[in-house]
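User: Can you take me through this model? I'd like to start with one chain and then go to the contact between chains.

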Amino acid sequence: MGISGFLATKGYASNPRRLMEDLIHLVFLILGLVAVGSVLVITIYLIISGLPAIVEIGPIEFLFGTRWASTAKEPEFGILPFILTSIYGTGGAILIGVPIGFFCAVYLARIAPKKLREVMELCIGVLAGIPSVVYGLVGMTILVPGIRMLFNVPDGASLMAAIIVLTVMILPSVINVSLSALDAVPREYEEASLALGATDIETYFRVTVPAAKSGIFTAIVLGIGRAIGEAMAIMMVAGNVANMPSLFTSVRFLTTAIASEMSYSSGLQREALFSIALVLFLFIMIINAILNMLKKGNQKI
Amino acid sequence: MKKAFAVLLVALIAMASVMASGAGEGTATVSTDGSTSMEKVILSLAEQYMADNPDVNVTYNPTGSGTGITAALEGRCDIGLSSRALKDSEKESGLTETVLAYDGIAIIVNAGNTVADLSIDQIAGLFSGAISNWSEIGGPDAPVVPIGREAGSGTRSGFEEIVGVEDACKYSQELTSTGAVITAVSQNPGAIGYASLASNLDSVKAVTVNGVTATEDTVKSGEYAIQRPFVFATLTDTPLSDAAQKFFDYCLSAEAAPIITAAGAVATH
């Protein structure tokens, strides 16, 4: 009785197709809310579980403390080493990876023969698809002993090894995004430049690249996002000791700090790990905000 | 469209009834949760027990000693597994410990290292940084590279407590599994690490401690100094379910001892 009354008031009884339409709308709305809901739940959960430890430890001591000893008798929770390591590691990977990726993209977009471009794009696709644990495994068995012997240090598991692994890992996204930005530059721009007597290389770097500038920035920011969020691969090559970062010491990133201690943690230690996650989350939010700004800039051009 | 909805509805009802009947079939579940070091032991025991008692399902969740103890305390599992003795605070909060077995912690060095025997003091010195080159204790001229487990690991706290280097270790690497430690030690000529005796130590060299080789016999007799208990943590005031109690008793019975031994630990009973 109630249902038929409801159907009548909405006019669905006389128009069953409208009922169907509205039902489908509802289904799609719910599906859409799954994604939005996940973000909300994760954000709220991180803030609720991350804040207490920051308050208990003290924000200054937590963010700028230089010593992390979570299971010591008098535990200390300073995450400055992790923050700096994440910044240095990501910065290093960008410093090495972006020029390689950028020049590779320019070459593939404009200079490489078509056949070669196809083969190389395939390889880059494979590189992007390799699971991070495989990067870590190869790094652990080849890169770490390699660095030890090459630089004659006691142990190769270091920031250096992490930077190299991260560099390789960000290459595919840097190359792919730069490549599509360069491909989107209209031929007419280049033809105008060539007609004025510029050489090919002059044209690429004076006309094509500036026209694709914001796309290339997007590639860099994407690379930063990928590097700062990576955990598995660098956990296997960085040594994971909470030292202040320098090139040949064993270091711990924000991500690996969470991953390496999570399974056995308890009490304030566990809460502090959530606080690290909150800090990492903020970093990634900032990077996403920059990315969105760049994308908006893109659309204007 | 109506047909599609009807089909979907029927499918849902069918699924729900299947799941409901599965849960109500009378298979009892015994859940264990905790130490990853105890994985081999508990899985061997569970496998044999489930073969003997097909109506019982024993689950194991490899989370780590700390998590397992918390899970037992909060009633999220029947038996918490810990590869260290319970702290007084944990006992006060309502848990009882039952020692299932002992595990020896082997001290491992690179296979090419000539050092064959270490005293506890030397091990402490090597891990705390007081001895920084192997030549100081009659080994090759190579820098000491201490490799350990992450903070919170049962193997690490067990090792540091026995050797007396709590919070004093200058690790060169902190890795999250026994296998990773063994791999790292096997690759670095100056490395020293520790690993459960139950793990596969073929690629590295286990040194003798105070002249005693780490074997099941020396661990059981107490001659080998670096050892730790494998503990069942259960609620003191709440009795176990029938199924859990039976599994618990089975694990501590003489019948289970050969299985524990086969898994590389030393049974207490």
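Predicted model: local features only at pLDDT ≥ 70, side-chain atom pairs only at ≥ 80, totals over all residues.

User: How many helices and strands in chain A?

Analyst: Chain A has 13 helices and 2 strands, taken as DSSP runs numbered from the N terminus (helices H or I, at least four residues; strands E, at least two).

User: And why is chain A more spread out than a compact globule?

Analyst: Its radius of gyration is 25 Å, well over the 19 Å that the globule rule gives for 301 residues, so chain A is more spread out than a compact globule. The radius is taken over C-alpha atoms, and the rule is 2.2 Å times the number of residues to the power 0.38. Along the principal axes, the C-alpha atoms of chain A fill a box of roughly 85 × 75 × 35 Å.

User: What domains does chain A have?

Analyst: Domain 1 (3–57) and domain 2 (68–300), with bounds from an automatic or database domain assignment. The C-alpha centres of the two domains of chain A lie 36 Å apart.

User: How many residues are in contact between them?

Analyst: 9 residues of domain 1 of chain A are in contact with 9 residues of domain 2 of chain A, where contact is C-beta atoms, placed from the backbone, within 7 Å.

User: Which residues touch the most others in the largest nonpolar core?

Analyst: Ala161(A), Ala162(A), Val165(A), Val237(A), Ala238(A) and Ile276(A), out of 139 residues. Such a core is a set of buried Ala, Val, Leu, Ile, Met, Phe, Trp, Tyr and Cys residues joined through C-beta atoms within 7 Å. Buried means 20 or more other C-beta atoms within 10 Å of a residue's own, placed from the backbone (exposed is 12 or fewer, partly exposed in between).

User: What is Ile276(A) in contact with?

Analyst: Leaving aside neighbours within four places in sequence, Ile79(A), Phe82(A), Leu254(A), Ala257(A) and Ile258(A).

User: Now the chain contact. How many residues from each chain?

Analyst: Chain A gives 25 residues and chain B gives 24 residues. On the chain B side, α3 (65–73), β7 (173–175) and α7 (178–187) each supply at least two residues, and α3(B) gives the most, with 4 residues.

Key
Residues numbered from 1 in each chain as written. Chains lettered and ligands numbered in written order. Contact = placed C-beta atoms within 7 Å.
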